[in-house]
Each structure stands twice: as C-alpha cells, then as structure tokens.
Amino acid sequence: MANPQRPLLLHANRLLGAALVEHNLVKIEDLEKANERLLQIVASSPPRQCTVLGILAYEMKVVREEDVVQYLVENEGISAVDLRFYEVPEEIHTALDLATCWATWSLPFDKVDGFNFVASAYYLSPVVRSHWENLLDGPILWFGTTLEGIADYLEKLEAIALKAVKTT
C-alpha cells in the first residue's frame, strides 16, 4: 500500500491492537504476531487486506469480529450498523476520501440534523476517532460494524467512482 495514508493506517492499527489487548479481547503475544504479519501485508497487498483485526480474526482466529462489535455495543455505548442494506447519500460518498476510509476502516454514511453518522470497525482506535472528529464538520454518532461491511461498501463506492470517470 504505497499512499500518503500509510502512516494513518499503521497508527490506527497499532492503537486498535493496543485497545484490543487492554480490553482483554486478544493476548499481547497474538497481537505481536499479527503486527508482524500486518507489516508484510501493508507492503504488498490491497487495502482490504491491511487490517490487524482481520489478521487476528480470520488468519489467526484468536478473536471473533462479532465479539468486538458486541463489546462496542455493550461497553462503549454505540450502536451497530449493517451497511449492506444502506445507501450512502450521493453528497456524502462523492466527497469521501476512500483512502482515508480504508486507512481507518471507517465510513461516514449519513448526516442528519448536523450529526455525522460514521460506521467503524476500528472505533476502539483513538487515532481513528480523533481523525474523523477533526475531518468532519459537526458532532459524530458512531456505529460499530464489521470489516466486511466497510470493505464491501468501499469497493462499491470505488466502482461507482470508476464508472463516473469512464462516462466523463
């Protein structure tokens, strides 16, 4: 992943991993192995693969994503959202920097009465929250979601953007 968002991606992953350990969702030894693997992946893989949570959940199988989302709902007081059934308004998705969404595993998906609705698989990473708080105008209502939900939606938005470029 050679892009200007690489430092943000690495910082987001590092702090998410630390939070997963702090909240007893993974062991430090597993996180250390996952971080090593992440560094290998970041150098040569598409954004969808660049996630310490994905490594921990799907390669190493030491945590279930559903358990992380449930932790967010029960302990962080945020709601969960399934983006498969949600259409992001055009005024939001046309203004998105998709590289930032991939780096933070987060996606603004609506704005109502001045409140930004942001879905995130990386809510536990403080750098992710502060990045979006500084980027968006107005308060944020956070929603937990899965990596797959974020990735599928971002790939859908990338396809829309590519189609728009081809038709102009």
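**Close-up views of charged side chains**

Arg-48 is partly exposed, with a relative accessible area of 27% (buried is under 20%, exposed over 50%, partly exposed in between; 1.4 Å probe, protein chains only). The model is predicted: local features need pLDDT of at least 70, side-chain atom pairs count only at pLDDT 80 or more, and totals for chains, interfaces and linings use all residues. Residues are numbered from 1 along each chain as its sequence is written, and side-chain values use heavy atoms, leaving out hydrogens and water.

**View A. Arg-48 and Glu-155 form a salt bridge.** Their closest N and O atoms are 2.7 Å apart (salt bridge: a side-chain nitrogen of Lys or Arg within 4 Å of a carboxyl oxygen of Asp or Glu). Glu-155 sits in helix 8 (residues 147-167), Arg-48 in the loop between helix 2 and helix 3, 107 residues apart (helices are DSSP runs of H or I, at least four residues, numbered from the N terminus). Glu-155 is partly exposed at 34%.

**View B. Arg-37 pairs with Glu-59 in a salt bridge.** The N to O distance is 3.0 Å. Arg-37 belongs to helix 2 (residues 28-44) and Glu-59 to helix 3 (residues 52-59), so the pair ties together parts 22 residues apart in sequence. Arg-37 is partly exposed at 32% relative accessibility; Glu-59 is also partly exposed, at 44%.

**View C. Glu-65 is buried and has no salt bridge.** Glu-65 lies in helix 4 (residues 65-76). The nearest side chain of opposite charge, Arg-48, is 8.9 Å away (Lys and Arg count as positive, Asp and Glu as negative; His and the chain ends are not counted). A polar atom of the Glu-65 side chain lies 2.4 Å from the backbone nitrogen of Leu-147.

Technical notes. Helix = DSSP H or I, 4+ residues; strand = E, 2+ residues; numbered from the N terminus. Polar contact = N/O pair within 3.5 Å; in protein donor to acceptor, adjacent residues only side chain to side chain.
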